[in-house]
Amino acid sequence: MQYIIITFISFFVLRLMSLSYSIKNEKRILKQGAVQYGKFNSLLLTLTHVAYYFSALYEAYTCKVTFNTISIWGAALMAFAYVMLFYVIYKLKDIWTVKLYIIPNQRIEKSFLFRTVRHPNYILNIIPELIGVALLCNAWMTISIGLPIYLILLGIRIKQEEKAMSEIR
């Protein structure tokens, strides 16, 4: 269990680092006149993300899961997800936030990844991350209940983002 906790905490710290960058960007773009879309859904996504993480860890604890082959696959998937997260942050730079904001004269990222994968932050980071944390913890209840709930909220978010982005294209 200790390797699961260490791995879990390591990735959670990375998530907190990305959140601090998001908060810094959010403060700056609000001064530039950014408008937030889907505020309530963003709150639900945040709460669900945290609940999902800790549900997986709690499930591992109560089931006395030890770090195993499935955990290794989960950690590897999480590592991939976080590489993608930080690549998306690198590409979006000053406009990347965990919330959905549109600033006046917002640029649209047109690099290879963004042309090839629609919503790479969700498809290549969030979904693999959630699957990875569940695998890390062997959290079968969490993934079977939590992932569908999260995917519904993420689907709503994607529709909100598409609508907001269509206004600046």
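**Second largest pocket**

I started with the second largest pocket, which holds about 440 Å³ of space. I kept in mind that this is a predicted model.

I then asked which residues are closest to its centre. Of the 22 residues that line this pocket, those are Arg15, Leu19, Thr46, His49 and Val98.

Next I looked up which elements build the lining. At least two residues each come from α1 (2–31), α2 (39–62), α5 and α6. I wanted to know which element gives the most to this lining. The answer is α1, with seven residues.

I also sorted the lining of the second largest pocket by class. I noted twelve nonpolar residues, six polar ones and four charged ones.

**Largest pocket**

I moved on to the largest pocket and wrote down a volume of about 580 Å³. I checked how many residues line it. I got 27, and Leu92, Phe114, His119, Glu161 and Met165 are the ones that lie nearest the centre.

I listed the elements that supply two or more residues to this lining: α3 (69–92), β2 (100–102), α4 (112–116), α5 (120–137) and α6 (140–166). Among these, I marked α6 as giving the most to the lining of the largest pocket, with four residues.

Then came the classes for the largest pocket. My tally has 13 nonpolar, ten charged and four polar residues in the lining.

Note on methods
Residues numbered from 1 in each chain as written. Predicted model: local features only at pLDDT ≥ 70, side-chain atom pairs only at ≥ 80, totals over all residues. Heavy atoms only, no water. 1 Å grid on protein atoms, 1.4 Å probe; cavity = no way out; pocket = protein on both sides within 12 Å on 5 of 7 lines; lining within 4 Å. Points joined across faces, edges and corners; volume = space filled by probe spheres on them. Nonpolar A, V, L, I, M, F, W, Y, C, P; charged D, E, K, R; others polar.
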